[in-house]
Protein chains: 2
Amino acid sequence: MNAPLPRLSQELILPQPYLLFLGDTTEPSFAKTAFGLAHWAADQCIGEFTIPGATVTTGLATLTPAEAKEAGARSMVIGVANQGGIIGRSWISALVEALDAGLDIVSGLHVRLASIPELEQAAARNGRRLIDIRNPPGDLPVGTGRKRSGKRLLTVGTDCALGKKYTALALHRAFTKRGVDADFRATGQTGIMIAGRGIPMDAVISDFEAGAAEVLSPDAEDRHWDLIEGQGSIFNPSYAAVSLGLLHGSQPDVFVVCHDPTRKTILGLNGFDVPSVEEVIDMTIRLGSRTNPAIRCAGVSLNTSSFDEGEAEALMKAESKRLQLPVADPVRGGAAFEALVDACLA
Amino acid sequence: MNAPLPRLSQELILPQPYLLFLGDTTEPSFAKTAFGLAHWAADQCIGEFTIPGATVTTGLATLTPAEAKEAGARSMVIGVANQGGIIGRSWISALVEALDAGLDIVSGLHVRLASIPELEQAAARNGRRLIDIRNPPGDLPVGTGRKRSGKRLLTVGTDCALGKKYTALALHRAFTKRGVDADFRATGQTGIMIAGRGIPMDAVISDFEAGAAEVLSPDAEDRHWDLIEGQGSIFNPSYAAVSLGLLHGSQPDVFVVCHDPTRKTILGLNGFDVPSVEEVIDMTIRLGSRTNPAIRCAGVSLNTSSFDEGEAEALMKAESKRLQLPVADPVRGGAAFEALVDACLA
């Protein structure tokens, strides 16, 4: 995750390694960010910190901020969300304790950390940073469409929240395991926390959306791959602007379509059917060929979490036959996933 | 231009009528904004104001800020740009004079008015506003795709800067002349100055791009038309994110393709051909049908400014035959343009 690439001024760079803050959370689904970090950035997670009442754990060692600092932590990441995306009063003394211990605070919540006076004062007192990942980066350029060196893969989707980040991370792990020089390029909050860097594409001003994607995956050696986390869907009536700017600016050589076969309606929008995988392939090639005429679809990442192993196997085989493309679930891995990796690198 | 519609909090509302400021401009092409306002918002322009050295004029009466205020002006609009989009030192005393006379200042330049200490102080001293049209509006919602009442027309293009604003304004004028209840909806800086309201779509954060377009053309009576100024092009590698968010959020019933037959390459981008009108029609229908399955192309607005009248007539006829659609140049008007208006309203 910590590639020795030049650090770009427009990119958000997070201070790693982390102490994960779990608050007083009792509901595991609220701690998805912490679980994602413990899974995908294990080598950057020193431990976890909770306040009384918490029952959720990532399995990492429990450390106080002072102990984590002693062990090398540079920031404490708020790894939980609660309803409303706010910071509970009960969390504030724990966050102040971290600042006093010499850690920065990293947050992906809606509320700005510096809007809480206790945190602003503690940060100033200790010379520490309050890092809001939702902050739009400044000084981004307008896109130029200039062809860059190196290879790029973008995960796209039939909708939001069905595995685009997971798929890009799993492909990055597989590429690296095969000795392919590759970087994961984060475009969303959790992805940025995992990678320790990236650009929150949904927070970028529209005029600079393609330009931000160009900055995110700069010129590289010919054999190098950037594995770019996709956002939204070209067919999502709320977020397609983000998806198209990311597609144009990423100029991918290869894309993988992420799909959840149980999702029939666009998340949160009644009356909008999820498009077919074929429609997404066709439209991604048509729009993506504007900045990379050689764009091709390597296959499909199918979210089969609702199925048992036999059902999932049968479904992936049937879809692969129907589409004449590799179809795999990166969570299940196996030969199907290796075939998808082969197709990406072909 | 001043429709009695509810004023939306997310929209930028400008204080009209205007005094037009021309600075010390000697180059007419730098005064395009002032000319546009004098032409399209004549009833909102009280006069013009210059400083010594200026040779450019809109033909409006020359008034001092104090005289303009007396005559009813509420703001002075900077109607000129210079290279770099900056505010020359020679302009500042004139702008201060306007603030002291009780006028607000409206600017579409890159530099923020309030970043100039003399202006900030004069505005504070007089209780006046410094309005930067490039400022992104706040509190915009995420798009929902919900079908709204009333009818909508969007001008789209094969590229930037080839007549989308002009076409929407000309259609608005023609609709109004025929007694059709219609509003021009501005999405760019000059358009917003003309209409006195609107949303600068290129300054909106990507996540809210479609939502901003939804806010811009709210529910209306069934017989009412919103004529929405398009931005960029779906095929423009720099700005397609803006164009797609605007298309999805506008959910147009009808679109008109704006094209300049002499433009072969995307403005400012070597290596990118301008797409054909047919490609833009096809892609606009495919993408636009996501939020309005009944979307249709009414015809083509052809920028024939490089041709003499005979050539222009022949070209429009040939294009109309080839595309089987009305083709007109709104600057030339005439029967061809009336046929385009017919097709829009059909």
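**Reading domains, peptide bonds and burial in a predicted model**

Chain A of this predicted model is divided into domain 1 (12–132) and domain 2 (151–345).

Me: How many residues does each domain of chain A bring to the contact between them?

Reply: Domain 1 of chain A gives 13 residues and domain 2 of chain A gives 10 residues. The C-alpha centres of these two domains lie 29 Å apart.

Me: Which element of chain A gives the most to the side of domain 1 that touches domain 2?

Reply: That is helix 1 of chain A, with 4 residues. Strand 1 (12–13) and helix 1 (32–40) of chain A each supply at least two residues of that side.

Me: How many residues on that side of domain 1 of chain A are nonpolar, polar or charged?

Reply: The side of domain 1 of chain A that touches domain 2 has 8 nonpolar residues, 5 polar and no charged.

Me: Now the backbone. Which residues of chain A does a cis peptide bond join?

Reply: The general idea comes first: most peptide bonds are trans. In chain A, the bond between Q16(A) and P17(A) is cis, with omega at about -5°. P17(A) sits in the loop between strand 1 and strand 2 (18–23) of chain A.

Me: What is omega for the cis peptide bond of Q16(B) and P17(B)?

Reply: For the bond joining Q16(B) and P17(B), omega is about 0°. P17(B) lies in the loop between strand 1 (12–13) and strand 2 (18–23) of chain B.

Me: Is the phi of Q324(A) positive or negative?

Reply: As a rule, most residues other than glycine have a negative phi. Q324(A) is not a glycine, yet its phi is positive, about 60°. Its place is the loop between helix 10 (309–323) and strand 13 (327–328) of chain A. In chain B, Q324(B) also has a positive phi of about 60°, and Q324(B) is found in the loop between helix 10 (309–323) and strand 13 (327–328) of chain B.

Me: Is I199(B) buried or exposed?

Reply: The cut-off for buried is 20 or more. I199(B) counts as buried because it has 24 C-beta neighbours inside 10 Å. I199(B) lies in the loop between strand 9 (197–198) and helix 7 (209–216) of chain B. Beyond residues up to four places away in sequence, I199(B) touches several others, including Q10(B), P137(B), T187(B) and L216(B).

Definitions and conventions:
Residues numbered from 1 in each chain as written. Chains lettered and ligands numbered in written order. Predicted model: local features only at pLDDT ≥ 70, side-chain atom pairs only at ≥ 80, totals over all residues. Buried ≥ 20, exposed ≤ 12 C-beta atoms within 10 Å, placed from the backbone. Contact = placed C-beta atoms within 7 Å. Domains from an automatic or database assignment. Nonpolar A, V, L, I, M, F, W, Y, C, P; charged D, E, K, R; others polar.
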